Amino acid sequence: MASNKGRLKGRLLSLYDASDSWMGSCREVFADNPDLRTQEIVLQSGLQPGMGHSLFYALDKIWIDPVIDWLNK
């Protein structure tokens with residue numbers, strides 16, 4: 001896999017569900033790219049525990065609201 005070390009620029013938002021066994025934190029990528037302005041949010045799917053990656057398969061306030069807030073910054 002090609003390294004993205006030092007190649008990414010701009011603002012990046014990372015969202016993932018705490019129970020997601022497929023995808024997780026981007027902290028390593030963020031650390032390798034010091035020019036990034038980043039935010040990472042770990043979501044707790046709450047009413048639908050254990051949704052993991054499927055949380056993002058449909059529109060849901062749990063992830064839409066943080067995206068809108070981040071875009072408005």
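This is a predicted model: local features need pLDDT of at least 70, side-chain atom pairs count only at pLDDT 80 or more; totals for chains, interfaces and linings use all residues.
Me: What is the order of the elements in the protein chain, from the N terminus on?

Reply: The elements run β-α-β-α, and the protein chain has two helices and two strands.

Me: Why is D17 called buried?

Reply: The relative accessibility of D17 is 1%. Buried means under 20%, so D17 counts as buried. This residue lies in strand β1, which covers residues 10-17.

Me: Which residues are in contact with D17, leaving aside its neighbours within four places in sequence?

Reply: D17 is in contact with L43, Q44, S45, M51, G52, L55 and F56. One of these, G52, is 35 residues from D17 in sequence, yet the C-alpha atoms of D17 and G52 are 5.3 Å apart in space.

Me: What makes the link between the side chains of D17 and S19 a polar contact?

Reply: The side chains of D17 and S19 are joined at 2.4 Å.

Me: Why is the aromatic pair of F56 and W63 called tilted?

Reply: The ring centres of F56 and W63 are 5.7 Å apart, and rings pair if their centres lie within 6.5 Å. Planes under 30 degrees apart count as stacked and those over 60 as edge-to-face. The planes of F56 and W63 are at 55°, so this pair falls in the remaining class, tilted. A search of the whole structure finds one aromatic pair.

Me: Are F56 and W63 buried or partly exposed?

Reply: F56 has 23% relative accessibility, and W63 has a relative accessible area of 16%. The limit for buried is under 20%, and exposed begins over 50%. Therefore F56 counts as partly exposed, whereas W63 is buried.

Me: Which residues form the largest nonpolar core?

Reply: This core has five residues: L15, I41, L43, L55 and W63. In soluble globular proteins, nonpolar side chains tend to be buried together. Leaving aside its neighbours within four places in sequence, L55 is in contact with D17, L43, S45, I62 and W63.

Me: How do you know that the charged end of R11 sits over the ring of W70?

Reply: The charged end of R11 is 4.1 Å from the centre of the W70 ring. The distance limit is 6 Å, so R11 meets the distance part of the criterion.

Definitions and conventions
Residues are numbered from 1 along each chain as its sequence is written. Side-chain values use heavy atoms; hydrogens and water are left out. Helices (H or I, at least four residues) and strands (E, at least two) are DSSP runs, numbered from the N terminus. A nonpolar core is a set of buried Ala, Val, Leu, Ile, Met, Phe, Trp, Tyr and Cys residues joined through side-chain atoms within 4.5 Å. Buried means under 20% relative accessible area, exposed over 50%, partly exposed in between (1.4 Å probe, protein chains only). Contact means heavy atoms within 4.5 Å. Rings of Phe, Tyr and Trp (its six-membered ring) pair if their centres lie within 6.5 Å; planes under 30 degrees apart count as stacked, over 60 as edge-to-face and the rest as tilted. A charge sits over a ring if NZ of Lys or CZ of Arg is within 6 Å of the ring centre and within 35 degrees of the ring normal. A polar contact is a pair of N or O atoms within 3.5 Å; within protein, one must be able to donate a hydrogen and the other to accept it, and residues adjacent in sequence count only if both atoms are side-chain atoms.
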